[in-house]
Amino acid sequence: MIKTNQDFYTAVEERRSFYGISKESVVSDERIEEIVAHAVKHAPSAFNSQSARVIVLLGDNHDKLWNITEAALREIVPADKFKPTEEKMASFRNGYGTVLFFEDQSVVESLQAQFPLYKEKFPEYSLQSSGMLQYVVWTSLEVEGFGASLQHYNPIIDEAVEKIWDVPANWNLIAQMPFGKPTATPGEKQFNSIDERMKVYK
């Protein structure tokens with residue numbers, strides 16, 4: 001069981017998108033594995049389907065991901081407008097690691113066959129489950145002292161990721177989460193009125 005000194009509400013409040021990150025680690029690789037494994041095991045999923053799959057990339061594998069992402073983007077972003085994209089890729093590559101989030105489509109299809117009444121909903125449930133896992137991993141990494149952000153460069157990198165890291169064909173890439181030691185503090189977050197976003201009936 002993972003132990004921390006930070007309470008749940010504080011962790012929820014302080015989770016942010018960190019784009020300034022470095023290759024310096026704040027915990028051991030074993031601890032990173034423990035954090036992610038704990039999230040994968042305990043994050044909720046529809047019908048307890050446990051359809052989530054993850055790959056943790058560290059060291060050269062982390063760098064390789066952002067190299068192939070940059071190469072893929074060079075094919076579609078005009079050269080005279082590529083500088084901001086290049087800088088963004090460098091900021092992710094500067095991090096310590098990346099978590100890749102997948103959903104196992106064979107699990108989704110099995111549920112569709114078992115429960116035809118909900119057939120159209122299972123892909124939606126799958127994404128909801130993935131979103132919860134992403135949030136748990138994100139917040140857990142920040143509790144440990146990392147900064148992280150959530151990226152979506154699929155499907156342009158799907159084929160390369162599948163080939164390089166031997167990803168099963170039934171794993172659908174959902175998101176990428178680069179993380180590392182924070183080197184810059186995010187700006188102040190603005191919040192819309194809760195009264196506009198929440199209703200309570202008693």
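**Cavity lining and backbone geometry in a predicted model**

By class, the lining of the largest cavity comprises 5 nonpolar, 4 polar and no charged residues; here Ala, Val, Leu, Ile, Met, Phe, Trp, Tyr, Cys and Pro count as nonpolar, Asp, Glu, Lys and Arg as charged, and the others, Gly among them, as polar.

This is a predicted model, in which local features need pLDDT of at least 70 and side-chain atom pairs count only at pLDDT 80 or more, while totals for chains, interfaces and linings use all residues. Residues are numbered from 1 along each chain as its sequence is written, and side-chain values use heavy atoms, with hydrogens and water left out.

A cavity is a set of points on a 1 Å grid, over the protein atoms alone, where a 1.4 Å probe fits but cannot get out, and lining residues have an atom within 4 Å of a point. Grid points are joined across faces, edges and corners, and the volume is the space filled by probe spheres set on the points. The count is 1 cavity of 30 Å³ or more, and the largest cavity has a volume of about 50 Å³.

Its lining includes A46, S49, S51, V108 and F122. With helices (H or I, at least four residues) and strands (E, at least two) taken as DSSP runs numbered from the N terminus, α6 gives the most to this lining, with 4 residues.

I turn to the backbone. N48 lies in the loop between α2 (29–42) and β2 (52–58), and its phi is near 50 degrees. Q50 lies in the loop between α2 and β2, also with phi near 50 degrees. Finally, a cis peptide bond joins N154 and P155, with omega about 10 degrees.

Conventions:
1 Å grid on protein atoms, 1.4 Å probe; cavity = no way out; pocket = protein on both sides within 12 Å on 5 of 7 lines; lining within 4 Å.
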